[in-house]
Amino acid sequence: MVVSGAGVSRKGAIEEALITNVDLYNTFLEIAGEEPQDQLDSQSFFALLQNASTAQRSYNYTEVLSSRPNRSGYTIGNNQYKLMVFDNGSQALYQYHIDPDQTTNLLESTLDSEASEAYQALLLEANRIRD
């Protein structure tokens with residue numbers, strides 16, 4: 001995404017913060033001077049346009065519903081890992097910085113301690129969100 005306009009002081013910066021499309025909602029409200037809304041899991045990223053150290057979300061979560069078999073499920077990711085869990089019980093875990101094209105499912109081999117901790121944390125957060 002490219003952002004330009006009044007109030008954008010971080011020129012040419014690449015941001016690593018987790019932002020999802022629903023975050024546009026409260027960001028646009030904040031830019032317009034309106035109060036953020038709570039009915040969506042929207043977090044304004046307007047402050048990131050001026051300050052790189054602004055705290056943001058720790059996880060991105062999405063659900064996918066499909067009429068095609070084995071295509072429904074959810075994904076949850078943090079800054080380093082993405083976990084995909086499908087309704088048929090299959091799972092995939094990817095590490096963004098090492099495998100940006102998501103071609104190597106880490107769950108198809110033994111996880112190192114870092115990946116194992118990330119996997120457990122992602123499952124825990126997904127369960128919290130889904131309950």
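Contact here means heavy atoms within 4.5 Å. Before going further, a word on the ground rules. This is a predicted model, in which local features need pLDDT of at least 70 and side-chain atom pairs count only at pLDDT 80 or more, while totals for chains, interfaces and linings use all residues. Residues are numbered from 1 along each chain as its sequence is written, and side-chain values use heavy atoms, with hydrogens and water left out.

Y119 also belongs to the largest nonpolar core, whose twelve residues are Y74, I76, Y81, L83, V85, L93, A115, A118, Y119, L122, L123 and A126. β2, β3 and α2 (113-130) are the elements that give two or more residues to this core, and α2 gives the most, with six residues. A nonpolar core is a set of buried Ala, Val, Leu, Ile, Met, Phe, Trp, Tyr and Cys residues joined through side-chain atoms within 4.5 Å. Buried means under 20% relative accessible area, exposed means over 50%, and partly exposed lies in between (1.4 Å probe, protein chains only).

Stepping back, the protein has two helices and four strands, in the order α-β-β-β-β-α from the N terminus on. Helices (H or I, at least four residues) and strands (E, at least two) are DSSP runs, numbered from the N terminus. The C-alpha atoms fill a box of roughly 50 × 30 × 25 Å along the principal axes. Of the 131 residues, 31% count as buried. Among contacts with a separation of 6 or more, 33% come from residues 24 or more positions apart.

Now follow the strands. Strand β2 (residues 73-77) pairs with β3 in the antiparallel sense over five bridges; two strands pair if DSSP finds at least two bridges between them. A hairpin through three residues joins β2 to β3, and I76 stands opposite L83 in β3. On the next step, β3 pairs with strand β4 (residues 91-95), again in the antiparallel sense over five bridges. Here M84 stands opposite A92 in β4, and Y81 stands opposite Q95 in β4. The hairpin formed by β3 and β4 has four residues between the strands, and G89 in the turn has a positive phi of about 95°. Five of the six residues of strand β3 (residues 81-86) are buried, so β3 is largely enclosed by the rest of the structure. β4 is mostly covered too, with four of its five residues buried.

Most residues other than glycine have a negative phi. Q102 has a positive phi, near 55°, and is partly exposed, with a relative accessible area of 25%.

Another loop worth a stop lies between α1 (23-31) and β1 (60-64), where S58 is placed. S58 touches L18, G77 and N78, not counting residues up to four places away in sequence. The C-alpha atoms of S58 and A17 are separated by 8.6 Å, although these residues are 41 apart along the chain.

Finally, the pockets. On a 1 Å grid over the protein atoms alone, a pocket is an open set of points where a 1.4 Å probe fits, with protein on both sides within 12 Å along at least five of seven lines; lining residues have an atom within 4 Å of a point. Grid points are joined across faces, edges and corners, and a volume is the space filled by probe spheres set on the points. The largest pocket holds about 500 Å³ of space. Its lining has 19 residues, of which M1, V3, A13, E15 and L49 lie nearest the centre. That lining divides into twelve nonpolar, four polar and three charged residues. In this count Ala, Val, Leu, Ile, Met, Phe, Trp, Tyr, Cys and Pro are nonpolar, Asp, Glu, Lys and Arg are charged, and the others, Gly among them, are polar.

The second largest pocket holds about 190 Å³. E15, E16, A17, L18, I19, N60, N79, Q80, Y96 and H97 line this second pocket, and they divide into four nonpolar, four polar and two charged residues.
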